[in-house]
Amino acid sequence: MSKTDFLSIIREQRQNKKNDKFQGSFIEYLSLIRDDPTIIKLAHRRLYDAIILHGVSRMDSSDPRCKNLFEGNSLPTYDYYSSHFFGMENAIAKIMRYLKSASLRGEESRQVLLLMGPVGAGKSALMERTKQALERHSRIYHLEGCPVREEPLHLLPRNLRKKFEELLGVKIEGDLCPACRFRLQGELNNRYEDFPVTSSSFSIRGRRGIGVVPPIDANTQDTSILIGTEDISKLDMYPEDDPRVLSLNGAFNVGNRGIVEFVEIFKNETEFLHTILTATQEKSVPSPGKNAMIYFDGVILSHCNEAEWNRFKSDHTNEAVMDRIVKINVPYCLELDEEIKIYQKILSGADFNAHIAPHSIKIASMFSVMSRLKESQKCDVLTKMKIYNGDAIVEKGRVKKIDIKDLREEARDEGMSGISTRFIMKAIDCALSDSEKEIITPISVRESLVRQVKEQVVSEEDRTKYLELLQKIIHEEYLSILEKEITKAFVTAYDEQAESLFNNYLDHAEAFVNKQAVKDKITNEEMEPDEKFMQSIEEQIGITGSAKEGFRNDVTSYMFTLLRRGKKVRWNVYGPLREAIENKLMSSVREIARIVTKSKTRDRKQQKKYGDMIGTLMDDYGYSEDSAEEVLKYAANHLWRDN
């Protein structure tokens, strides 16, 4: 592009920005409201509208995830958040419920929204995303030169407000700030109809409508951070109660009509938070010095960790602040598939050039999720993780019927402790740094996590628990995954063979359940369901004896439900039967796959088969040549040990 092209882009943007800005008198502003009363919004309504502008969807109640994890409740999902946050539907729904209630001027419009959760759970990211909703889509009209960008309707005298509310179809609340009141009386001789009105956008960096209060050291805490200061240089010219000495640049002044965020709110001293008391219930904040209270309309957002919340609420003198808080828990993600998406999103935004082998992120995610789960008498931690992921579980010869609701009731605070997202990402970074071939495999990730736990986890109890997860439970689960993958790569036309087994089993199981004969597809001869064949499939997952009838009923019922919903029936759609078919196919080739993999010197036929396995792992499963070689070597050393 030439220099002229660059300049034309800059001029076009500048011209559009200038045209978008309103400049007029208060009378002209009233005409705008008459034509479009929806421009009058309080802060909560403005934020709520900015978010739902992107679209609101509802979970499909027939979707397996909705059915298994949300009890079929058609939970609303918000498009503004959905592509950035995973496994946080409940927390986001509660945030939006708060905003909707507050936008209707309910009690929650006079409450602080507090996100409470463990480190790295996504509280700060949620806050940033929420603030950006205003920055991207909202503009407000305000009195020109007003330090708090207040609503121009505050100019109307109280004895005229009811009449103007009827004429304009709006609700008017709030009063002029001291600076604008002084200007109206001094410069405009109370002719409020001539007061200039303008418009502007919200900006985090420009401190327009979005104020942020970081945690302040107790020795340097000063309420001026919240409400502004008096300009000392002007005190020798004006009296102390003169509005012209005010410098209204505190967080509540900046965040008026927008958002005020308190970062790690309870790291501040309690006295520092007293401004919240009037900002919520009375919707006003003190002005510096001896001036009148200033009307405040804003969304107060905050977040903290659980330890700080427990310490704060244990002090009964903090009851006044606590009564003004709506607390929403933001736990760690407990769904394996959603946890994987979190790391994939983070990695996609990084400058990683390394090859990430299949299951590498899954192994890390399994560790993070299982570290967050509480022990249960109903099932082991691996089974619990799979249930929370919506998987159908096979254990001890039957389809395990454990109600996810019972597990959650058993541990209501689940997800509020465990391994953080940052911990996992640091381990992945280390795995990459240690790799000589610029590859990351499940093996290197697990080894990196083990080192990280040994070096960084302080609690001896936690260290022991985490090492057992990594060195025993996850290690064994990965070997199971790896064995299936290698044997799949070994079997020619694996899917076709699995589909054939599945269709054959389904025909016989359906005939057994309905007490019918099976018709041979070639000869059309009718015959009894093949009990021996069905048992050869079912025994792969330990289903024997009386359990077989229930299993066959479950399979046929599940497939009928899929057909009724117009969904495709395939061999891998029902978890327990999929596992049985996989085990059946694996058992037929396990020994020869073991021989080929473990052989240190291969004949020509074995070498060709080994090369075909490498090629299949690369073409069908996404391995690189180096990572495929590494996992096969690992399998030879750990998976098929000679007795």
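Reader: Why are α3 and α6 called oblique to each other?

Author: This is a predicted model, and in it the axes of α3 (residues 43–52) and α6 (residues 89–103) cross at roughly 130 degrees, coming within 8 Å. Angles over 145 would count as roughly antiparallel and 65 to 115 as roughly perpendicular, with the rest oblique. The pair of α3 and α6 is therefore oblique. The crossing of these two helices is left-handed.

Reader: Which residues in α3 and α6 meet?

Author: From α3 you get H44, R45, L47, Y48, I51 and I52, and they meet M96, Y98, L99, K100, A102 and S103 of α6. Sorted by class, that contact has eight nonpolar, two polar and two charged residues.

Reader: OK, on to the sheets. What is the order of the five strands in the open sheet, and is the pairing parallel or antiparallel?

Author: The order is β7-β10-β13-β4-β14, and the pairing is parallel. Strands β7 (210–213) and β14 (325–329) each have a single partner strand, so they stand at the edges, with one side of each left without a neighbour in the sheet. On average, neighbouring strands here are turned by 20 degrees against each other, direction ignored.

Reader: How do you know that β4 and β14 pair?

Author: Two strands pair if there are at least two bridges between them. Five bridges join β4 (residues 112–116) to β14, and the two run parallel. As an example to look up, L114 is opposite K327 in β14.

Reader: What makes β13 a partner of β4, and what makes β13 a partner of β10?

Author: Bridges again. β4 and β13 are linked by four bridges in the parallel sense, with L301 of β13 as the bridge partner of L113. Between β10 and β13 there are also four parallel bridges. There, I259 faces V299 of β13, and E261 has L301 as its bridge partner.

Reader: And what joins β7 to β10?

Author: Four bridges, in the parallel sense. G211 stands opposite V260 in β10.

Reader: Why is β13 described as largely enclosed by the rest of the structure?

Author: A residue is buried when its relative accessible area is under 20%. In β13, six of the six residues are buried, so the strand counts as largely enclosed. V299, L301 and H303 point one way, I300, S302 and C304 point the other way, and all of them are buried.

Reader: What makes both faces of β10 covered?

Author: I259 and E261 lie on one side, V260 and F262 on the other, and all are buried.

Reader: How do you know that α7 packs on this sheet, and which strands does α7 touch?

Author: Contact takes heavy atoms within 4.5 Å. Helix α7 (residues 123–137) touches β4, β7, β10 (259–262) and β13 (299–304). Its direction makes about 165 degrees with that of β13.

Reader: What makes β1 and β5 edge strands?

Author: They belong to an open sheet of three strands, ordered β1-β6-β5 with antiparallel pairing. β1 (23–25) and β5 (139–143) each have a single partner strand, so one side of each has no neighbour in the sheet. The twist from one strand to the next averages 30 degrees.

Reader: How do you know that β5 and β6 pair?

Author: Five bridges connect β5 with β6 (residues 196–201), in the antiparallel sense, and at least two are needed for a pair. V197 in β6 is the bridge partner of L143. Helix α2 (residues 26–35) packs on this sheet, touching β1, β5 and β6, and its direction makes about 100 degrees with that of β1.

How values were computed: Residues numbered from 1 in each chain as written. Predicted model: local features only at pLDDT ≥ 70, side-chain atom pairs only at ≥ 80, totals over all residues. Heavy atoms only, no water. Axes fitted to C-alpha atoms, helices over the stretch in contact; angles between N-to-C directions. Parallel < 35°, antiparallel > 145°, perpendicular 65-115°, else oblique. Left-handed = near helix turned anticlockwise from the far one by under 90°. Nonpolar A, V, L, I, M, F, W, Y, C, P; charged D, E, K, R; others polar. Buried < 20%, exposed > 50% of the residue type's maximum accessible area, 1.4 Å probe, protein only.
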